[in-house]
Amino acid sequence: MTVPLALLIAAAAAAVALTLLFVLRRLAPDDGFWGQPEPNHSGSAIGVLGGVFAILVAFVMFLALQNFIDAKRKAEAEATAVERQFHVAEAFHPGLRTRLHGRLICYARAVSFEEWPQLEHGEHSELVDDWGLESEIAVERADLGDPVEAHALDLFDEMEVERDQARRDRIAAAE
């Protein structure tokens with residue numbers, strides 16, 4: 001649910017409550033439904049508005065918390081995918097393993113130190129894009145003759161797709 005929709009629902013609830021209040025005031029006998037009305041009739045309307053405002057604030061806080069939790073889950077999914085790629089890279093020969101480990105570490109650092117601050121301004125980091133592309137290129141150029149390495153390549157590619165999707169979801173949730 002989006003924030004504008006939540007505000008619309010809260011405004012509609014406030015309008016219904018106030019309309020009901022004014023209709024009941026018109027229909028009420030001079031002594032009121034439950035005895036003599038209070039001298040300041042606006043106190044009831046202000047009480048209703050205060051209650052509606054409290055509900056609105058609680059609803060907006062709930063939506064903000066839900067969005068924060070969603071963004072946190074997406075970030076954890078991306079970090080998990082990077083960690084799994086790091087471990088799968090152990091199956092490759094030493095030269096490729098070292099290159100992949102370095103690129104994945106740089107990817108994680110770029111996410112932490114460059115992209116997170118940029119997300120506050122609604123932007124994402126091209127450096128993160130570059131490090132993700134560097135790991136793809138390193139794997140594509142590798143000479144894999146061993147069946148274990150070929151299987152590890154399939155796993156690495158699957159996790160790369162997971163990582164990219166989690167990153168897109170994280171960026172979307174941050175907006």
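This is a predicted model: local features need pLDDT of at least 70, side-chain atom pairs count only at pLDDT 80 or more; totals for chains, interfaces and linings use all residues.
**Arginine 163**

I then searched for its salt-bridge partners. Aspartate 164 is one of them, with the closest N and O atoms 3.5 Å apart. At 25% relative accessibility, aspartate 164 counts as partly exposed. The side chain of glutamate 160 also meets arginine 163 in a salt bridge, at 3.5 Å from N to O. I noted that glutamate 160 and arginine 163 both sit in helix α5, three residues apart, about one turn of the helix. Glutamate 160 is buried, as is arginine 163.

**Other salt bridges**

I counted nine salt bridges. One of them pairs the side chains of glutamate 115 and arginine 170, at 2.6 Å from N to O. Glutamate 115 belongs to helix α3 (residues 94-119) and arginine 170 to helix α5, so this pair ties together parts that are 55 residues apart in sequence. I checked how far each partner is covered. Glutamate 115 is buried, at 0% relative accessibility. Arginine 170 is buried too, with a relative accessible area of 1%. I also followed shared partners: salt bridges join Glu78, Glu115, Asp129, Arg167 and Arg170 into one network.

**Surface patches**

I went on to the surface. Which residues gather in a patch of negative charge there? I found Glu140, Asp154, Asp157 and Glu158. Helix α5 (residues 147-174) supplies the largest share of this patch, three residues. Aspartate 154 lies in helix α5, and I list aspartate 154 as partly exposed, at 46% relative accessibility.

I found a nonpolar patch as well, formed on the surface by Leu5, Leu8 and Ile9. Together these residues have about 270 Å² of accessible area. Leucine 5 is in helix α1 (residues 3-27). With a relative accessible area of 38%, leucine 5 is partly exposed.

**The whole chain**

Last, I looked at the chain as a whole. How many helices and strands does the chain have? I read off five helices and zero strands, in the pattern α-α-α-α-α along the sequence. The radius of gyration is 28 Å, well over the 16 Å that the globule rule gives for 175 residues, so the chain is more spread out than a compact globule. Along the principal axes, the C-alpha atoms fill a box of roughly 95 × 30 × 15 Å. I also noted the share of buried residues, which is 26% of the 175 residues in the chain.

Technical notes
Residues are numbered from 1 along each chain as its sequence is written. Side-chain values use heavy atoms; hydrogens and water are left out. Patches are made of residues with over 30% relative accessible area and no salt bridge: like charges are joined within 9 Å, nonpolar side chains (Val, Leu, Ile, Met, Phe, Trp, Tyr) within 5 Å. Accessible areas come from the Shrake-Rupley method with a 1.4 Å probe; for residues, only the protein chains shown count as cover. A salt bridge is a side-chain nitrogen of Lys or Arg within 4 Å of a carboxyl oxygen of Asp or Glu. Lys and Arg count as positive and Asp and Glu as negative; His and the chain ends are not counted. The place of a charge is taken as NZ of Lys, CZ of Arg, CG of Asp or CD of Glu. Helices (H or I, at least four residues) and strands (E, at least two) are DSSP runs, numbered from the N terminus. Buried means under 20% relative accessible area, exposed over 50%, partly exposed in between (1.4 Å probe, protein chains only). The radius of gyration is taken over C-alpha atoms; the globule rule is 2.2 Å times the number of residues to the power 0.38.
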